[in-house]
Amino acid sequence: MVRRRKKSDMEGPDVPVAPMLDMAFQLLTFFVLTYRAAPVEGQFVMNLLPPQPATAMAAAPTEAAASNDLPATLRTLPVVLQADDAGRLAQISIADMDVSNDPASLAKELDRHLLDPDAPFDQTLIKIDPNLRYAELMSIIDAFTEAFIRAKKEPKLSFDELKGDGG
């Protein structure tokens, strides 16, 4: 005996699917066409310098003022940033002198070099340990930028990766 279902048992509520699909595709098209991606990162001015000074920094004249007459290597303040095993800032060396990691000490040392009218420095070459954390580097860049602003000089920062032999 074959049992048949009644047609009325198979019917459900009548939902108009075609207009809902049209509306969904119109919304999808609207959002795809009006989407504008935000810029990934900002830009800041960096000047590329040779990674090694052509002459020794000790040969810089002490009474010479900062000017464009001096070679760029003599107007460049060398800075070395070294990281510990965890990537934190371990040591800062400015012009071959170790400086404390304390922000106040760093600012004081930078002011000593950049505010001195006899010092010829108007740019900085920062050699960075490749293991240094990005946040640590950005805090150092901020300190240098603020020091250049206090000295009323245009911030000129160049970067180079610190090699394994310290240079």
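Two strands pair if DSSP finds at least two bridges between them. The legends below describe close-up views of a predicted model.

**View 1. Strand β1 and its two partners, β4 and β2.** β1 and β4 are parallel and share six bridges. Within this pairing, V80 has K127 of β4 as its bridge partner. β1 and β2 run antiparallel, joined by five bridges, and L81 stands opposite I92 in β2. The two strands β1 and β2 form a hairpin, with five residues between them. In the turn of this hairpin, G87 has a positive phi of about 90 degrees.

**View 2. The largest nonpolar core.** This core contains 25 residues. V79, L81, I92, I94, L106 and L110 have the most contacts inside it. Two or more residues each come from β1 (76-83), β2 (89-94), α3 (103-114), β4 (123-128) and α4 (134-150). The most is given by α4, with seven residues. In soluble globular proteins, nonpolar side chains tend to be buried together.

**View 3. The surroundings of L110.** Leaving aside neighbours within four places in sequence, L110 is in contact with L77, I94, L115, A143, F144 and A147. Two of these, A143 and F144, are among the buried residues of α4, and I94 is one of the residues with the most contacts inside the core.

View 4. Helix α4 has 17 residues and reaches 24 Å from its first C-alpha to its last, close to the 24 Å expected at 1.5 Å a residue. Its buried residues are L137, I140, I141, A143, F144, A147 and F148. These residues lie on the same side of α4 because they cover an arc of only 155 degrees around the axis. An α-helix has 3.6 residues a turn, so residues three or four places apart point the same way. The cover over the buried residues of α4 includes β1, β2, α3, β4 and β5 (157-161). On the face turned away from the buried side are the exposed residues Y134, A135 and I149. After α4 comes K152, which has a positive phi, near 55 degrees.

**View 5. The buried histidine H113.** H113 lies in helix α3. H113 counts as buried because its relative accessibility is 8%, and the cut-off for buried is under 20%. The side chain of H113 makes a polar contact of 3.0 Å with the side chain of E109. A further polar contact, of 3.4 Å, joins the side chains of H113 and R112. Not counting residues up to four places away in sequence, H113 touches L77, I94, A95, A119 and F121.

Note on methods: Residues are numbered from 1 along each chain as its sequence is written. This is a predicted model: local features need pLDDT of at least 70, side-chain atom pairs count only at pLDDT 80 or more; totals for chains, interfaces and linings use all residues. Side-chain values use heavy atoms; hydrogens and water are left out. A nonpolar core is a set of buried Ala, Val, Leu, Ile, Met, Phe, Trp, Tyr and Cys residues joined through side-chain atoms within 4.5 Å. Buried means under 20% relative accessible area, exposed over 50%, partly exposed in between (1.4 Å probe, protein chains only). Helices (H or I, at least four residues) and strands (E, at least two) are DSSP runs, numbered from the N terminus. Contact means heavy atoms within 4.5 Å. The expected span of a helix is 1.5 Å times one less than its number of residues. The arc is that of the directions from the helix axis to the C-beta atoms. A polar contact is a pair of N or O atoms within 3.5 Å; within protein, one must be able to donate a hydrogen and the other to accept it, and residues adjacent in sequence count only if both atoms are side-chain atoms.
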